[in-house]
Structures are given as structure tokens and as C-alpha cells.
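Trainee: Could we go through this model together, one question at a time?
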Amino acid sequence: MCEMDMDSKCAPPTTTVYFDSSTYDHADKSIGVDASDIKLVERAFASGAYSLEFGVHVLEEWMRWAARSAPDRQQTLGQIQLARRWVNPKRIFRQHRDLAMEAVIAAFSGSRLPEPFEYREDYLCGALEDLLSSDGEAAEAERRRLSSWVDERISEFNDLILSTAPELMEAWSSKRRGATIEAKSLYFYEQRLKSAVSFARTTRFAPITPEVVERILATPFTKGYCEAAASLLCSYRFDGRRVDAGDSRDLMHAALAAHTQIFVTEDARFAKVLKRIPARGYEVMSLPEFVHAVRACVGTTQLSGVA
């Protein structure tokens with residue numbers, strides 16, 4: 001990861017981090033970490049040594065939980081309040097559909113890939129907290145409206161994937177256990193290329209040459225998505241993993257995490273899927289592992305003066 005002494009900051013100056021929703025949940029409930037760990041992480045983000053990036057898929061999961069019951073709504077509120085203290089307040093990852101299309105267009109045209117972020121002030125605003133903490137029919141109607149809006153943003157990308165990459169949604173009926181490392185590796189690279197070709201079909205550019213496919217796989221979003229999907233398909237075929245409704249959402253997290261240096265997740269099964277991706281451009285950690293990395297990289301002495 002990064003190397004630094006007690007008087008310096010991480011190199012590069014800011015280490016970018018992405019949390020999935022399971023990490024916010026464990027941090028809010030102090031599962032596997034204690035109050036001093038949480039305070040240390042908070043100071044690390046406040047110091048600018050680390051930048052916690054945010055995407056709409058976490059918000060989607062929060063709104064789903066909040067709609068279930070009043071206790072779930074209160075838990076969600078706690079996670080949002082924690083996120084407001086930790087995440088970069090001025091930018092959010094842009095919509096997945098835009099990121100995917102831009103990657104493909106850039107691969108065909110050779111144009112420069114735009115930034116993955118949308119800049120806006122305080123997108124996790126106090127109004128969202130007020131909405132989740134309020135009772136009554138008006139508040140409930142507004143929560144449903146917001147949840148529907150988030151669902152629409154997600155379904156746009158899901159429709160894109162379903163229409164152009166059906167092999168990624170295939171639930172393998174035949175399980176091949178005990179396959180050799182070579183067989184698994186070959187299968188991984190076959191699925192990685194199929195995924196990239198599927199992304200290429202999302203535009204009307206032609207022809208889809210091997211050079212175009214490689215350029216698609218060189219962009220963070222499509223590389224992150226295609227390689228996570230290929231590894232997940234390996235799990236279905238070789239490890240006996242069952243298809244889960246949350247798998248597609250996990251792939252979205254992986255696609256965004258590929259724009260950062262550290263992905264923190266408490267989903268151990270998905271972490272295993274990601275860790276076996278060769279030449280992965282980001283580290284995969286649990287929350288306790290991230291706390292350990294912060295202590296090793298930043299040091300409590302440097303952070304002690306940060307409010």
C-alpha cells in the first residue's frame with residue numbers, strides 16, 4: 001500500500017478508499033472494531049491522508065433497509081450519520097451506465113476517459129437524515145419516492161447488462177469441483193474477454209477488434225466489472241457457489257472500487273472472489289484490516305492533533 005514516516009503523509013498524498021454497505025454496517029455497530037479504532041479511522045479521513053469515496057449503490061441498499069421497518073430505518077440513519085462524517089462531501093461516483101458507456105466509447109474512439117466523479121456539495125445532506133427520522137404519511141411517501149428514484153438509476157444499468165451480456169447472468173447448472181489451477185485460470189480469462197466483448201456491444205461502433213477489447217479492459221470501470229464477473233463465474237462453476245440476488249450489486253461495488261486504491265468489505269465470500277483476480281489494481285480488506293493499515297501507514301502520533 002503506501003509508505004510514510006510519522007511526519008509525512010501517504011504517497012500518493014491521498015489514498016482513495018471505497019466501502020460497501022456491509023462495512024458501514026459493521027462500523028456503525030462496532031463489529032470487529034472498538035471505539036478507538038473508529039476514532040482513528042475518522043481522524044484519518046479528516047486529515048486528508050485518506051479519501052472515502054461514495055456511490056449510489058450504497059444509498060440504494062440503505063433506502064431498501066429503511067423501508068422495511070422503523071428499527072431498520074434507525075439503523076440506516078446511524079450509518080448515514082457515520083458516512084456524513086467520513087465520506088468525501090464534494091463528489092460522488094457518477095451513474096454506472098454513464099461510466100460503462102464512456103469506457104466503451106473511449107476504447108473505440110481513442111478519446112480521453114472523463115473523470116468518474118460528479119461534483120456536488122453535501123449530497124449526503126441533513127435533509128436525508130430528517131427524512132429518515134420523521135414519521136407520518138408525508139415522510140413515508142417521500143421515502144418511497146426517493147427509493148423509487150434510486151431504483152430507477154440502478155435498473156438503467158441492470159437493463160444494459162441484461163440486454164448485452166446474458167452470459168454474465170447465466171446460473172451454471174454443472175458444477176466442476178477439483179479443477180486444476182490452469183483450468184480455472186483459462187476459464188477466468190475466457191469469461192473476462194466475453195464480458196469485455198459484451199460491453200463493446202453496448203455501442204454501435206464497429207468492428208470489435210482484439211485491440212478494442214483490450215482498451216476496454218484497460219479502463220478502471222470495465223476492468224473492475226469484467227474481472228469481478230469472471231471470477232464470480234469461476235465460483236459458480238468450480239466452487240459450487242449459488243447465484244444470489246446480491247451478486248449483481250456486488251459487481252457494481254467492484255466496478256467502483258477499481259477507481260480507488262482500497263476496497264473495504266465485510267462480505268468475506270465476495271472478498272475471496274476479488275482477491276484471486278490476477279493483477280488487481282486495488283487492495284481488498286476487511287474493516288479490522290483497514291484499521292490495522294491506517295495504524296501502520298499513518299500512525300496515531302500524526303493524527304492526534306486532528307479534530
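Predicted model: local features only at pLDDT ≥ 70, side-chain atom pairs only at ≥ 80, totals over all residues.

Mentor: Residues are numbered from 1 along each chain as its sequence is written, and side-chain values use heavy atoms, with hydrogens and water left out.

Trainee: Is Ala279 buried or exposed?

Mentor: Ala279 has a positive phi of about 55 degrees although it is not a glycine. Buried means under 20% relative accessible area, exposed over 50%, and partly exposed in between, with a 1.4 Å probe and protein chains only. Because its relative accessibility is 67%, Ala279 counts as exposed.

Trainee: Which class of accessibility does Ser30 have?

Mentor: Ser30 is not a glycine either, and its phi is near 55 degrees, a positive value. Since its relative accessibility is 36%, Ser30 counts as partly exposed.

Trainee: How are H10 and H11 placed relative to each other?

Mentor: Helices (H or I, at least four residues) are DSSP runs, numbered from the N terminus. The axes, lines fitted to C-alpha atoms over the stretch in contact, with angles from 0 to 180 degrees between N-to-C directions, come within 7 Å and cross at roughly 140 degrees for H10 (residues 220-238) and H11 (residues 247-257). Angles under 35 degrees count as roughly parallel, over 145 as roughly antiparallel, 65 to 115 as roughly perpendicular and the rest as oblique. H10 and H11 are therefore oblique.

Key: Helix = DSSP H or I, 4+ residues; strand = E, 2+ residues; numbered from the N terminus.
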